[in-house]
Amino acid sequence: MNMSNLTGTITKNRVLVVFAFLLIFPFLAPYEALATDVLIYGLYALGLNLVFGYMGVLSFGHAAFFGVGAYGTGIAMVHFGVHWVPSIFIGILMAGLTAMIMGAMAIRTKGIYFAMVTLALAQCVYYIVYHMGELSGGEDGLTGVSLKTVDLGFTTLNIIREPLSKYYLVLGFVMVAIFIFSRIINSPFGSVLEAIRENENRAQACGYDVKLTKWVAFSISGLFCGLAGALSAIHLSVVPIESLHYHQSGLAVMMALLGGMGTFFGPFIGAMAFLMLEDIITTMTSHWQLFLGAIFMIFVLFFPRGIWGSILHWISRR
Amino acid sequence: MTIKNENMSSAGLSRRKIIKGAAAGAGVLAASPFLLNIAGAADDTIKIGFPVPLTGPYGSEAKEQALCAQMAVDEFNAAGGLNGRMAELLVRDDKLKSGEAAKRTQELIEKDKVHFVAGSLSASVQLAVNTICADREIPYVSISQSDAINEAKNFTKYTFHEAMNPHMTAGAVGRYVFPKEGKRVAFLIADYAYGHEMARGFKEAGKAAGIEIVAEVSHPLATKDYSTFLPRIQAAKPDVLCLCNFGYDQMNSLKQATSFGMKDQMRMVAPALLYNQRRAGGAAAYSNVIGGTNFYWGLEDSIPSAKKFVDAYRKLNAGAPPSDYGAYGYAGVGGLLAAVKAAGSTDADAVIAAMESTPYDLYKGEQHYRKCDHQSVQSVYIIESKAEADMANEYDVFKIVAEDKASEDVLRSCSALGLG
């Protein structure tokens with residue numbers, strides 16, 4: 001692809017571009033809670049994009065990492081009274097651990113089988129959590145994850161009363177994650193991921209340990225999704241059982257596709273487009289699924305690069 | 001240089017520039033939502049958020065709840081509102097998912113600045129809505145059955161429960177049925193919170209009657225085929241079978257039980273016998289089933305407020321009478337607005353005080369909120385489903401056989417709930 005200066009600039013400064021945009025985003029979104037949701041789901045789709053877009057492996061089980069991250073954080077806060085900051089890290093680590101275990105089993109398979117195995121394993125996680133009624137709340141979900149104020153040392157944020165400060169609190173975490181993600185993509189490890197996507201046999205012939213790379217990438221991807229889940233527990237103050245459902249896995253795939261798989265900013269654009277469309281259409285008609293489905297099909301058929309991918313492609317051709 | 005500088009160097013941070021520049025990626029698709037962020041002018045409308053599952057398996061019930069809630073709002077406005085302040089109902093689709101409901105409720109409070117929230121049609125979803133509202137000090141009236149919402153873990157002073165709870169309904173039905181029909185009791189339980197809460201209510205009521213539990217079978221939520229579950233119950237030869245399930249599960253299990261000939265062997269009992277489900281399922285499947293309900297339109301013959309509600313609904317709906325869950329929507333929002341009028345303001349504390357202290361009678365006789373857990377104390381009506389031959393018209397599906405009078409005695413005690 002013949003990149004012009006502009007796309008080159010965007011790619012080089014991608015973290016800054018994303019940051020600048022997300023900084024002003026809540027003033028553009030219909031309301032703050034939706035903006036926060038876009039952040040969380042953008043991060044979630046970003047995590048999936050590491051294996052889906054960059055490594056070319058489709059997983060249908062990422063809800064497990066999102067959900068375990070959310071439940072890990074929520075349970076630590078509600079049942080063990082842990083402070084919210086370490087709770088988030090507990091959530092991330094548990095999600096990472098789940099990803100390591102699921103990854104170890106799933107990377108033996110390829111293609112559609114990989115997607116099916118991850119789907120099945122994620123459903124196992126769903127039912128395990130569902131039946132841990134005492135801890136997880138089962139069907140009712142986990143309630144009472146109320147983080148009302150955040151003491152930053154120099155000031156105290158009332159995140160319930162001021163949804164904007166909640167957005168920036170979440171943004172803080174998301175930006176650190178985006179920065180780390182960018183470094184991973186830029187590293188030699190990131191190049192191996194893309195090599196696997198382009199030609200797995202050749203990457204293996206070049207001497208890369210494809211299985212190990214896949215496993216590590218899958219686990220890292222789980223960490224990112226776990227953070228997204230942890231942040232959603234704090235954002236919603238409840239952890240619904242459907243955060244582990246396979247619909248949730250499909251959501252990440254849909255957002256990554258819509259925004260542009262394998263592009264850095266695509267998942268956020270996808271999350272934004274999806275959530276905002278859903279927000280608007282559901283207030284207008286109860287047949288929202290029909291419209292979203294049609295839009296999704298139009299994109300898959302006519303813009304396979306996704307929104308952001310198509311824009312980058314279009315700019316670079318001018 | 002970034003894309004941001006590229007597009008915004010000349011004109012500063014006007015909204016349109018930002019839309020064109022930084023949001024280029026979102027393109028036309030997302031541009032329209034951006035434009036919606038024009039802060040709503042501060043008006044003095046009394047706003048009530050109403051999240052219900054318009055899509056999903058309970059869609060028809062939810063739409064009826066919204067319709068009835070709108071009736072309550074229209075009546076309030078027609079009567080002059082609160083000294084000229086009009087009320088407005090904001091209906092949102094919670095998709096029967098608690099995460100979605102939590103999001104929608106945040107939207108209602110943050111963006112639409114609602115004063116109150118009512119609604120939800122699921123034991124789990126209402127707990128999520130309750131958490132969001134309580135954290136933000138917005139009074140919430142739940143219009144869906146749940147035991148958990150009355151418990152200390154979930155109850156706050158902002159929490160009101162207009163619907164009956166499983167303990168009340170199953171208890172009332174059990175007290176009526178067990179002495180009459182026999183002591184050998186079997187349970188068919190939908191394996192989720194509400195299913196088990198109903199079974200618990202029956203067992204509590206059964207203690208006094210000295211029942212013997214001969215079978216207890218759980219089935220997964222949304223089961224279509226009951227042929228593996230029902231024979232186990234048949235084999236136990238119970239006098240009474242308690243169906244602790246809801247909606248389509250109730251309908252499907254009843255249909256199959258009927259075709260297995262189980263009605264001749266035992267009495268079928270359902271704590272929440274639903275009007276819409278009965279009409280969808282047909283007279284044959286439901287005939288002779290005994291159940292509990294908050295409301296049946298036949299109450300119009302004996303209760304003036306029921307007559308008023310049914311007549312008003314009929315006028316709007318081509319003669320069709322309202323359903324039980326629709327009535328919850330009417331009472332939930334109507335009760336809230338009556339309290340607003342009594343308090344003379346929309347201040348949360350004043351309205352809460354008014355709701356705690358004022359009995360109300362909107363559609364089924366007198367009700368009041370118990371002080372300790374804000375559970376609406378109300379009569380449970382015991383109904384029996386009619387056979388095809390006994391029906392006067394298509395709406396005439398139930399016969400009211402008894403009334404379990406409104407009383408705090410049939411509720412779990414405040415101390416049992418952990419509330420002092």
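1. The model is predicted.

2. B:K237 has 12 other C-beta atoms within 10 Å, so it is exposed. Its phi is positive, about 50°, yet the residue is not a glycine. B:K237 sits in the loop of chain B that runs between helix 9 (230–236) and strand 8 (240–244).

3. Next, position 237 of chain A. A:S237 is not a glycine either, and its phi is positive at about 60°. The residue lies in the loop between helix 11 (210–236) and strand 4 (238–239) of chain A. A:S237 counts as buried because 24 C-beta neighbours fall inside 10 Å.

4. Check the geometry of helix 8 of chain B, residues 193–209. At 1.5 Å a residue, its 17 residues should span 24 Å. The end C-alpha atoms are 25 Å apart, which agrees. After the helix comes B:G210, with a positive phi near 70°.

5. Which residues of helix 8 of chain B are buried? They are B:A193, B:Y194, B:G195, B:H196, B:E197, B:M198, B:A199, B:G201, B:F202, B:A205 and B:G206. An α-helix has 3.6 residues a turn, so residues three or four places apart point the same way.

6. What covers the buried residues of helix 8 of chain B? The cover includes two helices of chain B, helix 6 (123–135) and helix 7 (166–181). It also includes strand 6 (184–190) and strand 8 of that chain.

Terms used. Residues are numbered from 1 along each chain as its sequence is written. Chains are lettered from A and ligands numbered from 1 in the order in which they are written. This is a predicted model: local features need pLDDT of at least 70, side-chain atom pairs count only at pLDDT 80 or more; totals for chains, interfaces and linings use all residues. Helices (H or I, at least four residues) and strands (E, at least two) are DSSP runs, numbered from the N terminus. A residue is buried if 20 or more other C-beta atoms lie within 10 Å of its own, exposed if 12 or fewer, and partly exposed in between; C-beta atoms are placed from the backbone. The expected span of a helix is 1.5 Å times one less than its number of residues. Two residues are in contact if their C-beta atoms, placed from the backbone, lie within 7 Å.
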